[in-house]
Amino acid sequence: MKVLVIGAGNMGLTYAEGMANSPLLTKHKLRIFDTDPKKIETLKQQSQFHVYDTLDDCLPKSDLVFIAVKPYHSADLFKIMTPMLNDDQIFVSLMAGVTIETIQQQLGKSKVVRTMPNLPAQVGKGVTSYTASKSVSRVELLMVRNLLDTTGTSIHVNTEKFIDASTGISGSGPAYVFYFMQSMLDAALKMGFSAYDSKVLVSNTFEGAIELFNQNDMSPKSWIEKVASKGGTTQAAIDSMDDNNVKQLIQDAAYAAFDRAVELGKK
Ligand SMILES: NC(=O)c1ccc[n+]([C@@H]2O[C@H](COP(=O)([O-])OP(=O)(O)OC[C@H]3O[C@@H](n4cnc5c(N)ncnc54)[C@H](OP(=O)(O)O)[C@@H]3O)[C@@H](O)[C@H]2O)c1
């Protein structure tokens, strides 16, 4: 199986590295293409992948093609790709907001998988939602899933609506967590902790809470009830958040990202 990644940016490289380092592919099989001469040169020096500066040499003989360019570059890219394609190739899009139908129409090919990746893929802890056109077989989809899983874990969703919804939860989600972290860091600094101590306090609090959460089936709500005793310190903080409607505001933020993903898909 020959895999090509088009676009050696943040996401393209993350997935390329995940796949190349997994036992599923050897580095000799992973191909990468970008239009930026500087990037091409750097990648060639690293010799981690087969690096290409023209599609003619790599696209026609690739079985699986990951598309990781910015959505606004896709129409021009697809025009160049079209004459080099065959009907067996599978196209896996990492692009936000570009629909399966658009990709099928512009490439003139039917086998398309659309994904919503997220940033922690860079450290092997990503979560990728994916859905596919009907012409992608179960076996082909399993193959794609195995490749996506090299950067963390993945979930199959039945419709593209859930790809847009994933944008609101996991795609944009790391930024919500960073927002919460920054707020706690700012509070720690305001209380007089040093920058180093604030970072240790906040980062270990997040890491510890996640580990507890993953240890069993208890919901976050149950954990709050377990740790917040009536009239105590934690309850004072939770009451303050409830009084300020923080839960609703976070849900509104997730929906704002979801709505924006739908809107971008229509453009
Ligand atoms: N970053 C995220 O957290 C995230 C999350 C979810 C989804 N995504 C999606 O992932 C995709 C890639 O995002 P990114 O952040 O990785 O972008 P990026 O860092 O800008 O990488 C895109 C790369 O593709 C290159 N490129 C542009 N046109 C090309 C063409 N015709 N052929 C080959 N390469 C081309 C770009 O070169 P130039 O720099 O010279 O233009 C750049 O090296 C986007 O569609 C985005 O919606 C990203």
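Asp34 is buried yet has no salt bridge. Its nearest side chain of opposite charge, Lys39, is 4.6 Å away, and a salt bridge needs nitrogen and oxygen within 4 Å. The model is predicted.

Asp34 sits in the loop between β2 (30-33) and α2 (37-46). Its side chain reaches two backbone nitrogens: that of Ala8 at 2.6 Å and that of Asp36 at 2.8 Å. Beyond its neighbours within four places in sequence, Asp34 is in contact with Gly7, Ala8, Gly9, Lys39, Ile40, Tyr52 and Asp53.

Elsewhere, charged side chains do pair. The count comes to eight salt bridges. One of them joins Lys109 to Asp87, with the closest N and O atoms 2.8 Å apart. Lys109 lies in the loop between α4 (100-107) and β6 (112-116), and Asp87 in the loop between α3 (74-81) and β5 (90-93), 22 residues apart. Lys109 counts as buried at 17% relative accessibility, whereas Asp87 is exposed at 57%.

Asp164 forms a salt bridge with Arg114 at 3.0 Å between the closest N and O atoms. This pair links helix α6 to strand β6 across 50 residues. Asp164 is buried at 11% relative accessibility, and Arg114 is buried at 2%.

Glu263 and Arg260 meet in a salt bridge of 2.7 Å, N to O. Both lie in helix α11 (residues 246-266), three residues apart, about one turn of the helix. Glu263 is partly exposed at 42%, and Arg260 is partly exposed at 37%. Shared partners also join Arg114, Glu160 and Asp164 into one salt-bridge network.

Now the helix packing. The axes of α6 (residues 161-171) and α7 (residues 173-191) come within 5 Å and cross at roughly 30°, so α6 is roughly parallel to α7.

Methods
Residues numbered from 1 in each chain as written. Predicted model: local features only at pLDDT ≥ 70, side-chain atom pairs only at ≥ 80, totals over all residues. Heavy atoms only, no water. Helix = DSSP H or I, 4+ residues; strand = E, 2+ residues; numbered from the N terminus. Buried < 20%, exposed > 50% of the residue type's maximum accessible area, 1.4 Å probe, protein only. Lys, Arg positive; Asp, Glu negative; His and termini not counted. Polar contact = N/O pair within 3.5 Å; in protein donor to acceptor, adjacent residues only side chain to side chain. Contact = heavy atoms within 4.5 Å. Axes fitted to C-alpha atoms, helices over the stretch in contact; angles between N-to-C directions. Parallel < 35°, antiparallel > 145°, perpendicular 65-115°, else oblique.
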